[in-house]
Number of protein chains: 2
Amino acid sequence: VIRVGVNGYGVIGRRVASAVRLQEDMELVGVAKKTPDYKARLAAQRGIRVYAADGESVERFSRVGLEVAGLLEDLIRSVDIVVDATPEEVGVKNKPLYVKASKKAVFQGGEAPDVADASFVAQCNFLEAAGKQSLRVVSCNTTALCRILHSLDQAYGVRRARVVLARRAADPEETKKGPIDSVVLDPVEIPSHHAEDVRTVLPNINITTMALKVPTTHMHLHSLIISLKSHASASSVRDTLEQTPRIVMVSAADGFRSTSHLVDFAREMGRPRNDLYENIVWQDSIRAEDGEVCFFMAVHQEAIVVPENIDAIRALSGRFTAGESMLRTNRSLGILK
Amino acid sequence: VIRVGVNGYGVIGRRVASAVRLQEDMELVGVAKKTPDYKARLAAQRGIRVYAADGESVERFSRVGLEVAGLLEDLIRSVDIVVDATPEEVGVKNKPLYVKASKKAVFQGGEAPDVADASFVAQCNFLEAAGKQSLRVVSCNTTALCRILHSLDQAYGVRRARVVLARRAADPEETKKGPIDSVVLDPVEIPSHHAEDVRTVLPNINITTMALKVPTTHMHLHSLIISLKSHASASSVRDTLEQTPRIVMVSAADGFRSTSHLVDFAREMGRPRNDLYENIVWQDSIRAEDGEVCFFMAVHQEAIVVPENIDAIRALSGRFTAGESMLRTNRSLGILK
């Protein structure tokens, strides 16, 4: 059994902690958190051991009558692997703690690539990642793009990919963030950082990305235009993506015409927190013309990296193949394929 | 002086009526309207003669004490040219009235292309349109795309254009329309109708379009990726677009990072109704790579076709060149270039 600690209990940490508890070959030792809020309370109620992220936090927890199991350092000492799910660029500051304790660590995509030995997407580079000291699970958009581009590159060769990302402006609980009634160019410059980030996993892909921020809280929407090296019809591309793990097809005929329909679908399936771990591709949007294939894809910003974190833990342990790890992860999380 | 009547006083009709009044060579005889609402009242206060669009409307107007100048038929009889600004697919039903009265007519882009003798964008095909019986001013997105693609095609040749359109979900007063907190694929299928519509003005352009609807009310945001036949650097493309009429450059350095900033800019300039008649291109987004140029562009959905309607009136009159007409229109509306 791999003993896992999760440092940070926000959007990603909560989900990874829940997912770790569903793995037969893992034990969630505990989570470290700074603030004694409703999330901490719910975690404690579910029997998760909550550690204080620092000395100040200990006081804050005791003031509201929430008992902590110890300090972050105690958590780190008791685990084999730490998943760092702290906010962007905080992970790199935590790294010395993990190194000092000689613990392996999984970082998130908000960190710079050099925070870890390798950037990671399970179905793209599990083998190269196996047994390393640290891995960086790339961000939601990059994870989704790597799954798609790796699959199409294997099947047809990708000559050039162009992606326009309409990104959700805020997560559901981020009430302070905008925009409202505006489309923001984020950034104005082209390409956005996503193109470079894809190449941390797939170094040979020729890709440009253009990123917008739109006033929604649920899911990013990608418009992809990909030139392929060998001929591919729309139906052949559909078949290829159908056979790719963690990519799921939906259609307008089945009632899917927006990101809202997808979130409602996740609720209706009874997914925890309405999460969708899969890339969602509209099969009736796929069009092949002039050696280019175009389609629409949706990415659940909070959930898509959860299976990658679980697989990253197994990759670090060095005891699994990609296929074995992904099968266990998929089954435990109810991933559709 | 060209005597003009405007049938329909909604989003477009109001703006065209105001613009006609600013032309030295035109007279606004009146507007026809169905409902005696605040817009009708403001029109009357401004000295615009309001005609009832049908018999029922006459009663409705008299019930609220608003006097009408006559019926739609009376308006048509007293003008040289009618601008039909009624809702989508209503224009085609009105056409027999104009034909019967032997009056020339301008229709809007919501109508099918065969409603008129030609589809029209002033800087693309004024000459071919001159002297015809009827013209169709293409929709806001199509107008913007035609201005851009015509310019780049003249300068470098367009090999293939790909455009992702993030469309505003509703106009500011459309309180019944959504989406809220959702991105809608509109339609799911690729291409959207915009590609075909561009070819009603520029028949030789190879273009595909992908359309989303996002929860905003101000402006569409286009992400363009265009392969050119001859080599063009980013700065050369910038120069070409700088020199193209009705295309205006903005930059992030100057504070423009979203559609909201543009609407605020229009307010600050004192533009009537916050209107922007120009294509707005972010000059710092322009990137040239692998024979492709990418950039972001914003389109004011309510305003961009207003100068085209004015130029369409002059084209129908047969008495102007494109340059003369556009100069008069630009000066009267304060178009930046």
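**Ground rules.** I count residues from 1 along each chain as its sequence is written, and chains are lettered from A in the order in which they are written. Because the model is predicted, local features need pLDDT of at least 70, side-chain atom pairs count only at pLDDT 80 or more, totals for chains, interfaces and linings use all residues, and side-chain values use heavy atoms, with hydrogens and water left out.

**Entry 1: where the chains meet.** I looked up the interface first. Here 44 residues of chain B touch 44 residues of chain A (contact means heavy atoms within 4.5 Å). About 3900 Å² is buried between the two chains, and carbon and sulfur atoms give 62% of that area. Buried area is the accessible area, found with a 1.4 Å probe, that two parts lose on being put together, summed over both. I noted that B:Asp181, B:Val188 and B:Phe296 supply 15% of what chain B buries against chain A, more than any other three residues.

Next I checked charges. The rule finds eight salt bridges across this interface (a side-chain nitrogen of Lys or Arg within 4 Å of a carboxyl oxygen of Asp or Glu). I picked out the salt bridge between B:Glu292 and A:Arg160, at 3.0 Å from N to O.

**Entry 2: two helices in chain A.** I then turned to H1 (residues 11-21) and H11 (residues 306-317) of chain A, whose axes come within 9 Å and cross at roughly 55°. Helices are DSSP runs of H or I with at least four residues, and strands are runs of E with at least two, numbered from the N terminus. That angle makes H1(A) oblique to H11(A); angles under 35 degrees count as roughly parallel, over 145 as roughly antiparallel, 65 to 115 as roughly perpendicular, and the rest as oblique. Among the residues in the contact I found A:Ile12 and A:Val16 of H1(A) and A:Ile310 of H11(A). By class, this contact has seven nonpolar, one polar and one charged residues (Ala, Val, Leu, Ile, Met, Phe, Trp, Tyr, Cys and Pro are nonpolar, Asp, Glu, Lys and Arg charged, the others, Gly among them, polar).

**Entry 3: loops of chain A.** Which peptide bonds did I find to be cis? One runs from A:Gly178 to A:Pro179, with omega near 0°. I placed A:Pro179 in the loop between strands S8 (158-168) and S9 (184-185). Another cis bond joins A:Ile190 and A:Pro191, with omega about 5°. A:Pro191 sits in the loop between S9 and helix H8 (193-198).

How values were computed: Axes fitted to C-alpha atoms, helices over the stretch in contact; angles between N-to-C directions.
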